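Have the model open as you read.

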Amino acid sequence: MGSQTKRVLLTPLMHSSRPFRVSNHSRSSRRGVMASSLKELLSKTLDALLITSGLVTLVLEEDGTVVDTEEFFQTLGDNTHFMILEKGQKWTPATNYVTAHQQPKKSGIARVTFDLYKLSPKDVIGCLNVKATMYEMYSVSYDFRCIGLKALLR
């Protein structure tokens, strides 16, 4: 038991592959790539976009931030959109492009739904599920089951 615990604790943590989106400088070619490290992302991006130039720069598509360290790369979220720039190319903002951080306007503060249902067709009194969603982000749900009430009525 002790040797198994030691082996598990001392094994290096491997990052699992994560999804990313990549595009070329003109944004005419976009691909999805799975990678676990910056080096792997660069390699797969060059293959996916058929880029043979060895001198490339990887930047965030939304603002042109250069991604050149593994530490910074690991802090980025899944589905981050990157742009690959070849020698002499510079990042330019896209026209008609909505960044991932811009969220659509919220139509309301909260939404409450009530669902009435029966566990069996013979039930006189059913169950009630109440779900409240606040700011379209947080959700709370509770299920009221009236099973004990049916036994009380008998």
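## A pair within α2

Glu40 and Lys44 sit 4 residues apart in helix α2, so about one helical turn separates them. Keep in mind that this is a predicted model. Their side chains meet in a salt bridge, 3.1 Å from N to O. Glu40 is partly exposed, at 22% relative accessibility, and Lys44 is partly exposed too, at 33%.

## The two faces of α2

Which residues of α2 are buried? Helix α2 runs over residues 38-48, and its buried residues are Leu38, Leu41, Thr45 and Leu46. Look down the helix axis and they fall within an arc of 130 degrees, so they line one face of α2. The cover over these buried residues includes the strands β1, β2, β3 and β4, along with helix α3.

After the helix comes Leu50, with a positive phi near 55 degrees.

## Salt bridges across the chain

How many salt bridges turn up in the whole structure? The search finds 3. In one of them, Arg18 meets Asp78 at 3.2 Å, N to O. Arg18 belongs to strand β1 and Asp78 to the loop between α3 and β4, so this pair ties together parts 60 residues apart in sequence. Arg18 is buried at 15% relative accessible area, while Asp78 is partly exposed at 48%.

Glu61 and Arg27 form another, with their closest N and O atoms 2.2 Å apart. Glu61 is in the β3-α3 loop and Arg27 in the β1-β2 loop, so the pair links parts 34 residues apart in sequence. Both Glu61 and Arg27 are buried.

Technical notes
Residues are numbered from 1 along each chain as its sequence is written. This is a predicted model: local features need pLDDT of at least 70, side-chain atom pairs count only at pLDDT 80 or more; totals for chains, interfaces and linings use all residues. Side-chain values use heavy atoms; hydrogens and water are left out. Buried means under 20% relative accessible area, exposed over 50%, partly exposed in between (1.4 Å probe, protein chains only). The arc is that of the directions from the helix axis to the C-beta atoms. Contact means heavy atoms within 4.5 Å. A salt bridge is a side-chain nitrogen of Lys or Arg within 4 Å of a carboxyl oxygen of Asp or Glu.
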